[in-house]
Amino acid sequence: MKSNQAAGAIPQFTSKDYSSFFLAGALCCTITHGAMTPVDVVKTRIQIDPAYKKLNMLTGTRYVIATEGPRALLTGFGPTAVGYLIQGGAKFAGYEYWKKKAVESVGGPEAAVKYRTAIYLGSASIAEYVAMFFADILLTPLEATRIRLVSDRTYATGLVTGFTRIAREGGMRELYAGFLPILCKQIPYAIGQFTVNELCHEIVFRSISEETRRTLSSTSKFTIQLGSGVIAGFAAAILSQPADTLLSQINKGHGPKGTMPHRLAVLAREAGFRGLFAGLGPRMIMTAGLVSGQFLLYGAIKEALGAPPGVEIHKATGAVV
């Protein structure tokens, strides 16, 4: 949030800078997703297990503990932590890269103000799309393994045994059954995460003077980052919830045979609007924690690594932060 370069300047990132962005993104995503495993377990159960349909976050957690013990809340921790390590790094570094390229293409931060929302949307979408073809090749089978482990505690003992069983019994078709749903989930998620976070910061910065902004205390900066991240997390959860529900259903083996678009369409019709948003409450809690935690950790890790700030195109300043 601090301005290290002159207003209107575009930073010239090096390969080392992008490596730092990647490492910071990888660590912030794997730490936060791993920490949210208990919430994800309950959310997934509500989406696919009839016994959990009428439960909420609190009652669902109590039910898991009562029927399976506290350790069940950590089911799928391995695939979650490993899968989001590379995916998170690719997404955050990609967003930094594509936002900078977009700002350069329109003539700099000041000229980019007019197109800032389109730049946020486009950069987030492209970053997630590129991450999908590289990182999500790893993430998709790990997500399939996580959902199998969460939905059926007797399926396997952990990441390795679950992964090998899916590969043995279903092959590549089963491991990558969730590839299209993950694409439909992750792009809206990334749009909500990055775009809404940027716009929340802009709203705050437009309400205070430049002098006040330069002298913000650490507590004030933390509060702005946390609040923006929480709101962005809510937006990301709502935008990606239908695809997240369908992803859980597909990896559980639900739906008719046929092409993936056909299976998704049938499952969506069967679920209806209410069914597609089953588990939204727990997921909003989880995603608010994920996104706010990721932005806070990303900034802290970048600073610890000595990485430069990214390009800011907020209407308030048109500066670089």
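How much space lies in the second largest pocket? About 340 Å³ lies there. A pocket, on a 1 Å grid over the protein atoms alone, is an open set of points with protein on both sides within 12 Å along at least five of seven lines. Grid points are joined across faces, edges and corners, and a volume is the space filled by probe spheres set on the points.

## Basis of the model

This is a predicted model, in which local features need pLDDT of at least 70 and side-chain atom pairs count only at pLDDT 80 or more, while totals for chains, interfaces and linings use all residues. Residues are numbered from 1 along each chain as its sequence is written, and side-chain values use heavy atoms, with hydrogens and water left out.

## Overall fold

The chain has twelve helices and zero strands. Helices (H or I, at least four residues) and strands (E, at least two) are DSSP runs, numbered from the N terminus. The radius of gyration of the chain is 20 Å, close to the 20 Å that the globule rule gives for 321 residues, so the chain is as compact as a globular protein of that length. That radius is taken over C-alpha atoms, and the rule is 2.2 Å times the number of residues to the power 0.38. Along its principal axes the C-alpha trace spans about 60 × 35 × 35 Å.

Of the 321 residues, 51% are buried, meaning under 20% relative accessible area with a 1.4 Å probe, protein chains only. Contacts (heavy atoms within 4.5 Å) between residues at least 6 apart in sequence join residues at least 24 apart in 80% of cases. The chain exposes about 14000 Å², with carbon and sulfur atoms supplying 65% of that area; accessible areas come from the Shrake-Rupley method with a 1.4 Å probe, and for residues only the protein chains shown count as cover.

## The second largest pocket

The second largest pocket is lined by 18 residues, and the closest to its centre are Ile46, Lys53, Arg274, Gly275 and Ala278. Lining residues have an atom within 4 Å of a point. Two or more lining residues come from each of α2, α10 (218–252), α11 (260–276) and α12; α11 gives the largest share, five residues. By class the lining has nine nonpolar, six polar and three charged residues. Ala, Val, Leu, Ile, Met, Phe, Trp, Tyr, Cys and Pro count as nonpolar, Asp, Glu, Lys and Arg as charged, and the others, Gly among them, as polar.

Ala278 is in the loop between α11 and α12 and counts as buried at 18% relative accessibility. Leaving aside residues up to four places away in sequence, Ala278 touches Ile46, Gln47, Gln241 and Thr245. Ala278 and Ile46 are 232 residues apart in sequence, yet their C-alpha atoms are 6.8 Å apart in space.

## The cavity

A search of the whole structure finds one cavity of 30 Å³ or more. A cavity is a set of points where a 1.4 Å probe fits but cannot get out. The largest cavity has a volume of about 140 Å³. Of its 17 lining residues, the closest to the centre are His33, Tyr84, Lys185, Met286 and Leu290.

At least two lining residues come from each of α2 (37–48), α4 (77–106), α6 (116–151), α8 (179–206) and α12 (280–305), and α12 gives the most, with four. The lining of the largest cavity has five nonpolar, five polar and seven charged residues.

## Ser20 in helix α1

Ser20 lies in α1 (residues 15–35) and is buried, with a relative accessible area of 8%. Not counting residues up to four places away in sequence, Ser20 touches Leu305 and Ala307.

Conventions:
Buried means under 20% relative accessible area, exposed over 50%, partly exposed in between (1.4 Å probe, protein chains only).
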